[in-house]
Amino acid sequence: MADRLHFGGVSGRTVVGAASRFGTPLYLYDEAFIREKCREISGMPNAFGLEPRYAMKANSGRAVLQLIHSEGLGIDASSLNEARRAHAAGIPLGSIMLTTQEVPRGADRADLERMMAAGMRYNVCSLLQLELVADFAARKKLPLSIRIHPGQGAGESATRNTGDKYSCFGVHLADLPGALSMAGDRGIVFDAVHVHIGSGGDPEKWRENVDREIAFLEEHLPQAERINFGGGLRTARMPDETSADVGALGAYAKRRLEELHTRTGRKIVMEVEPGTYVMANAGYLVTTVIDVKATGPDGFQFLVCDGGMEVNARPLLYGSRHPFYVVRKDGTVASSEFDSGGLDRARDLRVVVGRCCESGDSQSLDEEGHIVPRLIAEASAGDFLVVGGCGAYCSSMTPFAYNSHTQAPELLLRLDGRLDAIRRPQTLRQMTANEEGLRN
Ligand SMILES: *Cc1c(COP(=O)(O)O)cnc(C)c1O
């Protein structure tokens with residue numbers, strides 16, 4: 001079996017080295033792999049320019065943002081706090097766009113205005129949002145982007161489809177005339193159109209969205225100079241999955257934008273906003289097997305690990321599958337989802353669970369939340385169980401305080417092989433710092 005884990009340059013020895021720093025669980029990211037993915041995105045074919053932004057909700061750590069920005073990607077922020085974090089990481093406001101469900105109020109509103117005046121782009125997602133930002137934008141002559149709800153979407157699961165009638169992101173097509181007339185009355189210019197149909201859907205749906213969105217732009221948005229096709233680029237975490245071919249998707253959009261140019265003379269800049277594609281396979285969750293149990297002759301074999309739903313909630317939330325590796329204490333990779341040679345279905349079907357008091361705290365579930373055993377080598381307490389595909393929507397999306405587990409540290413494998421801590425482990429004191437005891 002190879003010494004390396006499947007994606008990037010992380011080896012069994014890297015895993016052991018990382019665990020010896022802070023113990024487990026921990027997240028381990030691979031700088032070279034992140035850079036490679038950023039370059040694939042920046043290298044997407046385009047007709048009249050490409051502006052990629054990284055959807056930072058996928059992984060919002062400071063060093064990660066700095067790394068991705070150093071590769072020339074801007075930031076798609078989904079809340080004012082995300083935009084603040086990106087700016088605090090040194091990313092200029094002019095490279096950030098805010099796409100959010102809430103228009104900041106109160107003291108936050110002043111910050112929003114200050115940040116917009118300094119170059120942060122605002123993507124209008126509803127009629128009320130337009131109402132709330134219109135006067136300010138008009139007074140400052142700031143063009144806005146408009147997110148259109150196309151009525152159709154695609155995602156890896158129902159909860160990750162953001163474009164159909166079951167989700168409410170963006171100004172629905174039916175409300176577009178109202179939005180355009182309000183914008184006209186207030187002197188607002190929409191210089192960009194945005195559609196994000198969901199995460200990890202069929203690349204064919206992404207192509208269909210390109211066509212649909214170009215039609216919106218042509219029909220309704222005469223002043224738009226930019227078109228944002230969102231994120232959602234499908235990313236294979238498991239051996240039986242396939243990633244979107246971003247080169248082919250770029251080539252498709254390029255051709256369509258060139259045709260638009262031939263028809264209308266308009267030269268439109270293309271924008272994309274990947275989160276998953278950049279980060280998912282750049283990250284590993286390293287846990288330690290703390291117990292091995294079985295549930296009788298017709299039951300299952302369980303590997304109980306010191307990290308589960310509180311460090312990777314995706315299996316429980318979406319039935320997402322992540323690849324498993326067993327790494328021995330000496331760094332030997334004893335089992336990999338990408339090389340099941342030597343494993344036997346009669347003997348080696350196992351279930352990976354966490355340590356929370358919650359029967360759904362498993363890393364191997366289907367969409368209905370049922371346990372799905374997987375081919376994994378025998379492991380004993382003290383071995384490492386490493387979960388792949390954990391760079392996106394794991395650290396940034398965990399219920400880590402559940403069962404009072406502290407937030408896990410994050411390490412970055414640098415280009416020169418060094419392991420840098422990019423987030424220290426949270427302490428119990430930090431977890432409870434804002435609590436007040438009962439007063440008499
Ligand atoms: C979450 C999100 C993205 C990124 O989606 P991925 O599937 O992670 O690429 C892009 N744009 C918007 C508006 C989002 O909400």
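Me: Which residue in β14 stands opposite tyrosine 325?
Reply: Strands here are DSSP runs of E with at least two residues, and helices are runs of H or I with at least four, numbered from the N terminus. Two strands pair if DSSP finds at least two bridges between them. In this predicted model, local features need pLDDT of at least 70, side-chain atom pairs count only at pLDDT 80 or more, and totals for chains, interfaces and linings use all residues. Residues are numbered from 1 along each chain as its sequence is written, and side-chain values use heavy atoms, leaving out hydrogens and water. Tyrosine 325 stands opposite serine 336 in β14. Three bridges join β13 to β14 (residues 333-336), and the two run antiparallel.

Me: How many residues lie between β13 and β14 in their hairpin?
Reply: Five residues lie between them, and glycine 331 in the turn has a positive phi of about 95 degrees. With strand β17 (residues 384-387), β13 forms four bridges, again antiparallel; there tyrosine 325 stands opposite valine 386.

Me: Which way do the side chains of β13 point?
Reply: In a regular strand, side chains alternate between the two faces of the sheet. From β13 (residues 324-327), Phe324 and Val326 point one way, while Tyr325 and Val327 point the other way. All four are buried, that is, under 20% relative accessible area with a 1.4 Å probe and protein chains only.

Me: How many residues has the largest nonpolar core?
Reply: Such a core joins buried Ala, Val, Leu, Ile, Met, Phe, Trp, Tyr and Cys residues through side-chain atoms within 4.5 Å. The largest has 114 residues, and Ile34 is one of those with the most contacts inside it.

Definitions and conventions
Buried < 20%, exposed > 50% of the residue type's maximum accessible area, 1.4 Å probe, protein only.
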